[in-house]
Amino acid sequence: MYLTSEAKKQIFREHGGAETATGTTESQVALFTTRINYLTKHLQEKPKDLVTKRSLVNMVGKRKALLEYLKAKDIARYRALIKKLDIRR
């Protein structure tokens, strides 16, 4: 698999503060962003893969919902996360 447990732990450590902080909004958004980037590259190589395209759209929607939640809860954390992950919004 493209995303090993060590890679996930690294993402959670960077964005959530600890390896066990898997439920924080920042760590979830970072994980979704990693997956979205991977699927985007996959779809550039195989544009007819409709199942992956549907999964990508669902992930983008989930990430957007999490970002909207974070924006409403704490705008400073939202802006820092957007800048750190280089998400254009």
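Which pattern does the protein chain follow, read along the sequence? The protein chain follows the pattern α-α-α-α.

**Figure 1. Overview of the predicted protein chain.** The model is predicted; local features need pLDDT of at least 70, side-chain atom pairs count only at pLDDT 80 or more, and totals for chains, interfaces and linings use all residues. Residues are numbered from 1 along each chain as its sequence is written, and side-chain values use heavy atoms, with hydrogens and water left out. The protein chain has 4 helices and 0 strands; helices (H or I, at least four residues) and strands (E, at least two) are DSSP runs, numbered from the N terminus. Along the principal axes, the C-alpha atoms fill a box of roughly 40 × 30 × 20 Å. Of the 89 residues, 33% count as buried; buried means under 20% relative accessible area, exposed over 50%, and partly exposed in between (1.4 Å probe, protein chains only). Among contacts with a separation of 6 or more, 44% are between residues 24 or more positions apart, where contact means heavy atoms within 4.5 Å.

**Figure 2. The largest nonpolar core.** This core has 20 residues, and those with the most contacts inside it are V29, L67, L81, L85 and I87. A nonpolar core is a set of buried Ala, Val, Leu, Ile, Met, Phe, Trp, Tyr and Cys residues joined through side-chain atoms within 4.5 Å. The elements that give two or more residues to the core are α1 (5-16), α2 (25-45), α3 (50-73) and α4 (75-85). The largest share, 7 residues, comes from α2. Not counting residues up to four places away in sequence, V29 touches R63, L66, L67, L81, L85 and I87.

**Figure 3. T33 and T34 in helix α2.** T33 counts as buried because its relative accessibility is 6%. Leaving out residues up to four places away in sequence, T33 touches R63, L85 and I87. T34 has a relative accessibility of 28% and therefore counts as partly exposed. Beyond its neighbours within four places in sequence, T34 is in contact with L3 and I11. T34 and K8 are 26 residues apart in sequence, with their C-alpha atoms 9.6 Å apart in space.

**Figure 4. The two sides of helix α4.** Which residues of α4 are buried? They are Y78, L81, I82 and L85. These residues lie on the same side of α4 because they cover an arc of only 100° around the axis; the arc is that of the directions from the helix axis to the C-beta atoms. An α-helix has 3.6 residues a turn, so residues three or four places apart point the same way. What covers the buried residues of α4 includes α1, α2 and α3. On the other side of α4, A76, R79, K83 and K84 are exposed.

**Figure 5. D86, in the segment after α4.** Most residues other than glycine have a negative phi. The residue that follows α4, D86, has a positive phi, near 60°. D86 counts as exposed because its relative accessibility is 67%.
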